[in-house]
Amino acid sequence: MSERSGFGMRPSGNGSHESSADGSPASPSAEADAGEPLRPLDPDARIDLASERRESQADEVLDGLEADLVGLAPVKTRIREIAALLLVDRMRSRFGIVSGRPSLHMCFTGSPGTGKTTVAVRLAELLHRLGYIRKGHLVSVTRDDLVGQYVGHTAPKTKEVLKRAMGGVLFIDEAYYLYRAENERDYGQESIEILLQVMENQRDDLVVVLAGYKDRMDSFFASNPGMSSRIAHHIDFPDYTTGELEAIGHLMLEREGYTLDPGTVPVFRDYLERRRDQPRFANARSVRNAIERARLRHASRLLAAGGPVGRPELTTLKPDDFLASRVFTLRQ
Amino acid sequence: MRITQGTFSYLPDLTDDEISAQIAYALEHGWPCSVEFTDDPHPRNDYWEMWGLPMFDMADPAAVLYEINECRRAYPNLYIRLNAYDASYGRQTTALSFIVQRPAEEPGFRLDREETSDRRVRVRMHPYALDRPQGERYAGNGHAETP
């Protein structure tokens, strides 16, 4: 009998021992500290902060954030602060100091194309490495995924999404569409209520990130004060300067395996400056689209010219590839 | 009499942490979980009521445990079990199934003998709980709530 119960039950037996000793059921720190005794450290013990930091591998994500994302200084600062807090909290818990789990629900506001989704993906990974969330996946949804079409449809739909996001980050893009002020019987309200309830009661299980344009987000919070107060971190993503956009463009080109002809660099900068003043400018997304169109022109230029081509021709974008853009003709 | 059905049934009832660990094991293997409940403890009762649909695309045990707790709240005094399906065989195959809640008091079974032709005796098992109509079977032991 003893052999039989040991057979299937060993993993779960261990698990229960760990988390019951830890005091908090299914806490991720119990998982992270699995190798060590869970008895609190002596009050006069010392922990090496640097090695602890290395162990969490959070720096890799932070450095990746620094290297891959141009600009966004306030965002990076806030994320570093959060990482520091989680790391310190983890060490406090080693000494047996009980502090509440920090609330990490966030709101990302900013113009289109300022990197809100990209940062959210990195954030999920970072929180996972620091042991705040258990899985580190990102579930990205919009109003369509949360709000139903008829009475009684919304609650199961929202709950389904919330369950899928548990253990990770729920990213709600353009969250203000959830609330439609003009229609008070809109089902979005129901969705918001469920969201609020889960954000409050299951803080251990998921992190909710709302994203959207600044002004519309502000009016969304004005009509849903409960939502605003449950979100601890309101992070504003600033628009990129032309220099930053240029750096982003170069980064994108490099990743796609293209280079700019020396003559193209000023043209590209000029293009970005002109494009900024056009309507519907979407920061990094517009840069991406510009590069996509330049690639099209580059390809058809090569085909039209005919003849043999080598590696330099295939990878170099010429000024003409950008100058053909509508942006340049509009101004004159 | 304590009903023993499904995996782990000879062990003491699993705690929520242990249930979480089992769910995590199932999810790791890509087995979707579902929650079912019943008030008919007969071992041949294959048709338990479903608590919602099976849960696909879940990443974390907390989501499944949440549904278990919702079901417990709605039916605090019925049998509730958790199933995990292994779809990799191309047919519905239960890979793991265990009871996560049982009534506070389980009256157990009696054997009914029935004489049939040629002095043959047939024996059948009769759960005492079935003497009462559905919905009242476990009502008499402290918990007023019934399905």
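This passage walks through the predicted model, starting with its confidence and moving on to chain B and then chain A.

The structure is a predicted model, in which local features need pLDDT of at least 70 and side-chain atom pairs count only at pLDDT 80 or more, while totals for chains, interfaces and linings use all residues. Residues are numbered from 1 along each chain as its sequence is written, and chains are lettered from A and ligands numbered from 1 in the order in which they are written. The model scores ipTM 0.71 and pTM 0.75. For chain B the average pLDDT is 88, and 94% of the residues score at least 70; pLDDT is the predictor's confidence in each residue, from 0 to 100. In residues 141-147 of chain B the pLDDT is below 50, and this stretch has 15 contacts in the model beyond near neighbours in sequence. Two residues are in contact if their C-beta atoms, placed from the backbone, lie within 7 Å. Where pLDDT is low, the predicted coordinates should not be read in detail.

Chain B contains 2 helices and 6 strands, arranged from the N terminus as α-β-β-α-β-β-β-β. Helices (H or I, at least four residues) and strands (E, at least two) are DSSP runs, numbered from the N terminus. The C-alpha trace of chain B spans about 55 × 40 × 25 Å along its principal axes. Of the contacts in chain B with a separation of 6 or more, 54% are between residues 24 or more positions apart. Of the 147 residues in chain B, 31% are buried; a residue is buried if 20 or more other C-beta atoms lie within 10 Å of its own, exposed if 12 or fewer, and partly exposed in between, with C-beta atoms placed from the backbone.

Strand β1 (residues 33-38) of chain B runs antiparallel to β3(B) and is joined to it by 6 bridges, with I80(B) as the bridge partner of F37(B). Another 6 bridges link β3(B) to strand β4 (residues 94-101) of chain B, also in the antiparallel sense, and here A84(B) has L96(B) as its partner. Two strands pair if DSSP finds at least two bridges between them.

Chain A holds an open sheet of 5 strands in the order β2-β3-β4-β1-β5, with parallel pairing. Strands β2 (138-141) and β5 (233-237) of chain A stand at the edges with a single partner strand each, so one side of each has no neighbour in the sheet. From one strand to the next, the twist averages 20°. Strand β2(A) runs parallel to β3 (residues 169-173) of chain A over 4 bridges, and V139(A) stands opposite L170(A).

The axes of helices α4 (residues 58-68) and α5 (residues 73-94) of chain A come within 11 Å and cross at roughly 175°. These axes are lines fitted to C-alpha atoms, for helices over the stretch in contact, and angles run from 0 to 180 degrees between N-to-C directions.
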